[in-house]
Amino acid sequence: MPATGWAFPEMSELTNFVAHPHTATQDFAVSTASPQHSGPFSPLARRLALLIALVALVALGLLAIATLIFANQDVTTLSGRQRADLGAAVASAVKVSYQQAHNWKGTDLSPPLTLASQAGMSIQVFDQTGALVASAMPPGIRASTLGAPLEIPITVDGVEVGTVSARASTAGIGAANTSLRHALATGIGWSAVVLAILAVIAGVVFARRISRPVVALTGAARAMASGERGVRVANDQAPGELGDLSRTFNHMADTLDLEDRLRRDLVADVAHELRTPLAILQATTEAMADGVTEPTASTLSSLHDETLRLGRIVEDLEVLASAKAAGLNLELKPVDLAVIADAAADGLQPQLEGAGLSLTRDLEPAVVRGDKNRLHQVLTNLLTNAIKFTPVGGAVKVSVSSRDRVATVVVEDSGRGIPQEDLRHVFERFWRGPGVRHTTGSGVGLAVVQELVHAHNGHVSVASEEGRGSQFVVTIPTA
């Protein structure tokens, strides 16, 4: 039959496992090796440190330039204001002297000229005709070092009687201006140097702090790719996205370990299931070939039963593979879950009667957009599971309802229930609890249910209490 051809590669793998069990053990060995790092700084840390330092230096340079520009403007404004104030003071003193003498010839200009010289300013006093009345040059000052003149008119009783021309030199206000500019530039320069050093140190520290989890993850990923399944990252408690990444990696590694265990359990379970019918087939056929046993009807019937058992194992594997691909092959149409549940219950009525169980139906219309055959498979698997684990005289109930645009299917039984520590495993592929390994099946029924329900954008959950039965709840959005 078609399923047999599909299963031949799987049978080959199972045979290899049985023939060479030590090989499988080596393949799935758990390693505790930890990733190795070369050198105190990884390439990522070096690149991050250089990038952080470069950004900090550029920012500091821009800040220093902006500070110098604005400080220079402030110093220029301040010195100009001081020069204007000093010039105005000299002009005011010249005016007072002029008012006392009432003319330029008798005016004593030595006090304002002395004040100007001491302040480092060159002063020239002109009368109303523009003739030079008096002048003063600070000692040791050359005319080439003087700045632009500041012209201040002398007005007495509303009449302009002369002009004062004041020019600052580097020995006075100009020297203070230059000294202040130099001090600002020096302070900003040293501050930039100190901050640059701090930026480099901070860049190195933060780069190592940021890169260490990434490097650890990279090493762990390489180790896992080489077969060290026990590798985990230790910084899963770190805050932020790096901590999330580490926790996600560890969760992925745990999931891979679980998948490995499930595959090992699958191989062991299927090998165990295959060993008995194959041994019976081999022994019986050899006995008939040697003439020890006659090919009677009972013998042939026994052989037929064993081939059917082999067929069921292959069919379970095929069903699981089909369920994994269900999301790609669904024929979605509006279907009523109540009708599907009723049909599934009718189909299992002989099994219910044979197991001595009663079935209660509480079905309300609940239309969803789904694949009728796949949803029928979901109901059949849930009901079959309930029948399998409910003792004689027990009860099974299936109910369907629709509330708030969600259709709900509930399958309850009065069976022995599921231990709390096993509840999280019931939907795992090929998992069978320690207390049910003697039952028929390979543990794919509930895994198929979960795959098909998820393919319909739904959710399946289980609640159970030992000795009081189990309840499986399926929810699917309504159409």
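A salt bridge here is a side-chain nitrogen of Lys or Arg within 4 Å of a carboxyl oxygen of Asp or Glu. Keep that rule at hand for the first stops. The model on screen is predicted.

**Stop 1: R361 and its partners**

Select D346 and R361. Their side chains meet in a salt bridge, 2.8 Å from N to O. D346 lies in helix α9 and R361 in strand β6, so the pair ties together parts that are 15 residues apart in sequence. D346 is partly exposed, since its relative accessibility is 42%.

R361 is partly exposed, with a relative accessible area of 31%. D342 is partly exposed as well, at 30%.

**Stop 2: R232 and D254**

How many salt bridges does the rule give? The count comes to seven. For another of these, select R232 and D254. Their side chains form a salt bridge of 2.9 Å, N to O. R232 sits in the loop between α5 (173-225) and α6 (240-289), while D254 is in helix α6, 22 residues apart. R232 has a relative accessible area of 28% and is partly exposed. D254 is partly exposed at 41%.

**Stop 3: S165**

Move to strand β4 (residues 159-168) and pick S165. Is S165 buried or exposed? Its relative accessibility is 5%. Buried means under 20%, so S165 counts as buried.

Show the side chain of E151 next. The S165 side chain makes a polar contact with the E151 side chain, at 3.3 Å. Then display the surroundings. Setting aside neighbours within four places in sequence, S165 is in contact with S122, I123, Q124, F126, P149, L150 and E151.

**Stop 4: helix α11**

Select residues 372-388, which make up helix α11. At 1.5 Å a residue, its 17 residues should span 24 Å. The end C-alpha atoms are 24 Å apart, which agrees.

Zoom in on the start of α11. A side-chain oxygen of D371 reaches to within 3.0 Å of the backbone nitrogen of N373.

Which residues of α11 are buried? Colour R374, L375, V378, L379, N381, L382, L383, N385, A386 and I387 to see them.

Key: Residues numbered from 1 in each chain as written. Predicted model: local features only at pLDDT ≥ 70, side-chain atom pairs only at ≥ 80, totals over all residues. Heavy atoms only, no water. Helix = DSSP H or I, 4+ residues; strand = E, 2+ residues; numbered from the N terminus. Expected span 1.5 Å × (residues − 1). Buried < 20%, exposed > 50% of the residue type's maximum accessible area, 1.4 Å probe, protein only. Polar contact = N/O pair within 3.5 Å; in protein donor to acceptor, adjacent residues only side chain to side chain. Contact = heavy atoms within 4.5 Å.
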